[in-house]
Amino acid sequence: MSVPLWGQCLTYLEDELSPQQFNTWIRPLQAEFSDNVLRLLSPNRFVQDWVTDRFHGRITELVSQLCSEQAPRIIFEVGSSSTPLPTPSKRTVTPDPLPETNRQAAVDRSRINPDSTFDNFVEGKSNQLSKAAAMQVAENPGGAYNPLFIYGGVGLGKTHLMHAIGNLILARNPSAKVIYLHSERFVADMVKALQHNAITEFKRFYRSVDALLIDDIQFFAGKERSQEEFFHTFNALLEGQRQIILTSDRFPKEVKGLEERLKSRFGWGLTVAIEPPELETRVAILKKKAAHAHVLLPDEVAFFIAKRIRSNVRELEGALRRVIANAHFTGQPITLDFAKEALRDLLALQAKLVTIDNIQKTVAEYYKIRVADLLSKRRNRSIARPRQIAMALAKELTNHSLPEIGDAFGGRDHTTIMHGCKKVAELKGLDQIIADDYAKLLRILST
Amino acid sequence: MKSHPGQQLPLRIGLRDGATFTNFYPGPNAAAVHALQAAREPFLYLGGPPGCGRSHLLQAACHAVSEAGGLAAYLPLEECMAMSPQMLAGMEQMALLALDDVERLAGNAEWEQALFHLYNRMRDAGHRLIVVGNAPPAALGIALPDLLSRLGWGPVFQLQPLSDSEKSAALRLRANQRGMELPAEVADYLLNHASREMPDLIALLERLDEGSLAAQRRLTIPFVRPFIS
């Protein structure tokens with residue numbers, strides 16, 4: 001019932017509102033209908049307020065026009081109909097369901113990602129130690145290494161290791177209560193518990209787990225109440241010999257905005273670092289991920305990508321996904337040339353492959369003139385300056401000869417290009433605005 | 001165009017054609033459009049200058065998800081940032097979130113962190129997040145490395161602006177979708193005389209649609225001339 005009525009309203013609203021308004025404010029609403037009440041659920045209070053302020057009248061009007069009989073009452077609320085909002089009051093107030101022996105149920109409840117296991121964690125020099133420690137902890141939770149503190153830069157596999165520990169603990173003991181969460185969620189849950197007067201349940205819940213896995217602990221920074229709460233949870237778990245696993249982007253003592261007593265406790269167990277993977281590991285990671293996606297990735301392609309993306313595993317994975325997306329699109333096998341083509345944009349960023357064409361487009365866009373103006377004979381300053389700047393950029397960023405650059409600028413003589421470059425160099429020293437413009441354009445074009 | 005007395009006013013219902021994949025001219029961006037439509041990837045990043053169809057594509061993706069019965073939201077950051085980063089709360093319920101103009105939050109610590117947390121929540125919920133910006137992730141000036149690496153988690157596509165001949169083809173496709181016939185020479189005329197920005201051209205097309213409907217005239221060069229300001 002709700003679907004047809006709300007569906008009809010949507011047809012009208014989609015036609016009456018701008019596509020942007022409709023997609024931003026109306027599309028995310030969920031409709032529920034019961035007892036002649038139409039509930040429109042928004043994901044958060046900002047959407048709700050906006051919709052109520054601007055569209056309440058029109059929606060009411062439409063509903064009453066569309067209903068031949070008594071029109072339903074309309075209620076705007078924050079919430080979700082298909083899956084209940086994971087508010088801490090709901091999750092923590094409700095007593096735990098009967099003990100589950102079903103492993104799948106335990107995994108679901110724990111928010112552990114079943115796909116991140118030790119089996120698909122690629123080991124190398126950079127992460128050997130942390131993997132060994134993680135396995136130890138998974139086999140003997142609550143033992144000697146408590147807490148286990150894993151730190152390292154972004155995208156190096158800290159979260160993967162954490163989930164792998166959770167999965168192994170659950171595999172060995174399906175009735176274990178293992179909870180993974182990001183520090184943001186801990187904070188949000190606590191805030192909601194405070195709002196709902198459910199802080200006792202919140203405490204009870206987190207102090208009753210067998211293993212608590214909290215990711216990115218550095219985001220506790222400056223959140224004193226959360227730190228306080230976590231401090232007590234931490235002590236209770238440690239005392240009860242339950243396992244705590246934490247990750248952070250840096251060594252415990254160096255995490256800013258955390259209380260000293262927390263920092264010192266983080267160091268009580270074992271602290272291990274994950275370093276960026278070396279080339280062979282990066283290649284192995286690519287091969288494994290490709291195999292997982294059922295894609296054939298030749299060695300030379302894996303090496304090509306791994307040599308160019310060095311920063312972290314997440315971006316390595318992004319590059320691979322880009323290549324796979326193109327393979328799906330074209331239906332072609334992945335070869336070296338294919339990968340080069342698919343990653344052209346990404347790699348051009350690093351190789352600073354800038355064309356004159358692109359420089360002209362960028363400069364024209366920056367000064368809100370047309371590329372045709374840059375190439376024209378017009379000599380007024382609003383055109384001539386950008387033109388000279390574009391010439392200087394072309395000289396600086398490309399390997400084209402001055403006659404070539406001259407040709408690309410509407411067939412000008414190379415001496416004109418020389419003059420333009422000289423002029424820009426002079427102006428950069430005299431006029432801060434020009435110097436800034438030039439620096440900005442340089443950055444736009446070369447990053 | 002103002003209506004004159006005696007001139008029949010067109011009915012507004014059904015006139016606006018929303019942003020869908022069917023009325024998008026892929027041109028040089030076919031691979032990106034394909035990846036968007038295939039919806040295989042939980043995360044996708046599209047970079048490119050304004051006017052190359054970024055918002056259209058995001059809204060088309062939302063439209064497709066809604067058609068299939070899922071929840072979707074389009075979030076233009078310019079509008080959202082006038083509110084609080086709490087605007088992103090609960091958004092992980094959406095099967096698809098399409099976030100536009102991500103460059104606007106670069107350097108804003110609160111918003112950068114809010115988007116970073118949203119990435120994590122979308123991943124945990126198993127939902128899709130598509131982000132659009134005016135440049136590749138590394139060039140946005142994002143200060144939070146955790147967010148930066150997440151922007152490059154899925155495939156990153158660089159959208160290319162259309163050439164003039166592609167713009168002409170795109171206009172004719174769009175006209176055709178609206179049930180108008182736009183001859184090639186008229187499309188070329190528009191490109192030579194009006195603003196060549198795609199959003200302007202589409203807006204012009206909309207005015208032409210209304211105008212030709214009201215005047216019961218076909219699109220010819222003499223007819224379209226007065227519409228170009």
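The model is predicted, so local features need pLDDT of at least 70 and side-chain atom pairs count only at pLDDT 80 or more, while totals for chains, interfaces and linings use all residues. Residues are numbered from 1 along each chain as its sequence is written.

**Chain B overall**
- The secondary structure of chain B comes to nine helices and five strands, where helices (H or I, at least four residues) and strands (E, at least two) are DSSP runs numbered from the N terminus.
- Of the 229 residues in chain B, 55% count as buried, meaning under 20% relative accessible area with a 1.4 Å probe and protein chains only.

**Strand E4 of chain B**
- Because six of the six residues of strand E4 (residues 128–133) of chain B are buried, this strand is largely enclosed by the rest of the structure.
- B:Arg128, B:Ile130 and B:Val132 point one way from E4(B), whereas B:Leu129, B:Val131 and B:Gly133 point the other way.
- Strand E1 (residues 43–47) of chain B pairs with E4(B) in the parallel sense over five bridges, pairing being called if DSSP finds at least two bridges between two strands; B:Tyr45 has B:Val131 as its bridge partner in E4(B).
- Strand E3 (residues 96–100) of chain B also pairs with E4(B) in the parallel sense, over four bridges, and B:Ala98 stands opposite B:Ile130.

**Charged patch on chain A**
- A:Lys307, A:Arg308, A:Arg310 and A:Lys340 form a positive surface patch, for which residues need over 30% relative accessible area and no salt bridge, with like charges joined within 9 Å; a salt bridge is a side-chain nitrogen of Lys or Arg within 4 Å of a carboxyl oxygen of Asp or Glu.
- A:Lys340 lies in helix H15 (residues 336–342) of chain A.

How values were computed
Chains are lettered from A and ligands numbered from 1 in the order in which they are written. Side-chain values use heavy atoms; hydrogens and water are left out. Patches are made of residues with over 30% relative accessible area and no salt bridge: like charges are joined within 9 Å, nonpolar side chains (Val, Leu, Ile, Met, Phe, Trp, Tyr) within 5 Å. Accessible areas come from the Shrake-Rupley method with a 1.4 Å probe; for residues, only the protein chains shown count as cover. Lys and Arg count as positive and Asp and Glu as negative; His and the chain ends are not counted. The place of a charge is taken as NZ of Lys, CZ of Arg, CG of Asp or CD of Glu. Buried means under 20% relative accessible area, exposed over 50%, partly exposed in between (1.4 Å probe, protein chains only).
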